[in-house]
Structures are given as C-alpha cells and as structure tokens.
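Here are my notes on the model, point by point. Please read them with the structure open.

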Amino acid sequence: MRPLFRKKYFHIINPDIYITTDINNCVKQLKKAGIKYKTVCDGYIVFPANVFKPDLDLMVGLHYKNDKLEFIDIFRTKEYYCDADYNVEKSYQEISEILNALYGSAAITDCSENAIEKFEQWNLKNYGIRHYILNRFDLEERLVIAFVN
C-alpha cells in the first residue's frame with residue numbers, strides 16, 4: 001500500500017498501514033487489513049504488528065483525543081514479558097540497534113528525569129521517537145512516537 005495523501009505518517013510493516021494523525025483513517029486501514037484491534041479504553045486502541053522488522057512482534061497502541069492521534073506507544077507482547085528469560089536490558093539493546101540502523105545515531109541519549117534509567121531520542125522530519133527504560137514499580141521499556149506539529 002502506498003500513502004495516497006501528503007500528511008505526516010508512520011509506516012508499519014505488517015499490517016502494511018500508514019498511521020496518520022486521523023484516528024478514523026487508521027481504524028479504517030486496520031479494518032481493511034483484517035486486523036483485530038482492541039479498544040482498551042476511551043482514546044486508546046491496540047493491535048499486534050511488525051513495526052521495524054518483519055520478524056519483530058510488537059504491540060502498537062494509538063492514543064487519541066477528539067479523533068486526532070496524540071502519540072503511538074510501541075511495546076512487547078504480554079507473552080514476551082512473561083517469559084522467564086525476559087531481560088529489559090537485552091530488549092532495550094535489541095530495539096536500540098534496530099532504531100540506530102534505521103535512523104542513525106540518536107540525537108539525544110540522556111534525560112534528566114530521575115526515574116529514567118536509559119534514554120535515546122530521534123528527531124525526524126515528521127515525528128520524534130523516544131526510547132527509554134523507566135523505573136516506576138520495576139524496570140519497563142517504553143517506545144513512544146509523536147508527530148511533530
């Protein structure tokens with residue numbers, strides 16, 4: 001599928017869709033691709049996808065308000081976290097290597113927030129990517145994509 005619009009978008013490999021700021025367009029693409037998504041709560045839907053590589057199974061969360069996307073949250077599947085061999089550092093390193101290969105070195109690699117253990121950020125033309133390990137109740141990896149205004 002090729003984008004038929006000149007809007008800002010984030011491409012997902014499988015399903016082959018283009019996430020834009022218009023949540024209705026995103027839902028329409030998911031339905032057309034036959035993807036079962038879940039509405040977790042008002043303003044938040046999730047679905048399984050291969051985002052950066054065909055063999056990397058992740059979940060995509062679309063956070064929206066008033067039919068406009070606020071940000072994209074990308075995270076590992078529940079099964080991945082429940083695996084006895086799960087290691088947040090290893091997961092962070094794997095995704096970090098993929099992001100560096102796709103987008104080059106991160107523009108920012110440090111964050112002053114006390115709860116953030118590791119941090120990297122890419123500032124791209126249409127969106128920014130923040131990848132970090134947060135220590136709230138335990139270590140958790142986060143990957144957030146937000147369109148540039």
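1. This is a predicted model. Start with the surroundings of helix H1. Its buried residues are covered by, among others, strand E2 (17–19), strand E4 (44–50), strand E5 (57–65) and strand E6 (68–76).

2. Which residues of H1 are buried? In this helix, residues 23–32, they are Ile-23, Cys-26, Val-27, Gln-29 and Leu-30. Viewed down the axis of H1, they fall within an arc of 160°, so they line one face of the helix. The face of H1 turned away from the buried side carries exposed lysines: Lys-28, Lys-31 and Lys-32.

3. Check both ends of H1. Asp-22 caps the N-terminal end, with a side-chain oxygen 3.0 Å from the backbone nitrogen of Asn-24. After the helix comes Gly-34, with a positive phi near 75°.

4. Now the aromatic residues. The structure has five aromatic pairs. In one of them, the ring centres of Tyr-9 and Tyr-18 lie 5.0 Å apart and the planes stand at 80°, so this pair is edge-to-face. Tyr-9 is partly exposed, at 30% relative accessible area. Tyr-18 is buried, at 10%.

5. Tyr-127 and Phe-147 also form an edge-to-face pair, with 6.3 Å between centres and 90° between planes. This pair links distant parts of the chain: Tyr-127 sits in strand E8 (residues 127–135) and Phe-147 in strand E9 (residues 139–147), 20 residues apart.

6. Look next at the backbone. Most residues other than glycine have a negative phi, and most peptide bonds are trans. Where is the cis peptide bond described here? It runs from Asn-14 to Pro-15, with omega near 10°. Pro-15 lies in the loop between strand E1 (10–12) and E2.

7. Asn-66 is not a glycine, yet its phi is positive, about 55°. Asp-67 has a positive phi as well, near 65°. Asn-66 counts as exposed at 69% relative accessibility. Asp-67 is partly exposed, with a relative accessible area of 41%.

Definitions and conventions
Residues are numbered from 1 along each chain as its sequence is written. This is a predicted model: local features need pLDDT of at least 70, side-chain atom pairs count only at pLDDT 80 or more; totals for chains, interfaces and linings use all residues. Side-chain values use heavy atoms; hydrogens and water are left out. Buried means under 20% relative accessible area, exposed over 50%, partly exposed in between (1.4 Å probe, protein chains only). Helices (H or I, at least four residues) and strands (E, at least two) are DSSP runs, numbered from the N terminus. The arc is that of the directions from the helix axis to the C-beta atoms. Contact means heavy atoms within 4.5 Å. A polar contact is a pair of N or O atoms within 3.5 Å; within protein, one must be able to donate a hydrogen and the other to accept it, and residues adjacent in sequence count only if both atoms are side-chain atoms. Rings of Phe, Tyr and Trp (its six-membered ring) pair if their centres lie within 6.5 Å; planes under 30 degrees apart count as stacked, over 60 as edge-to-face and the rest as tilted.
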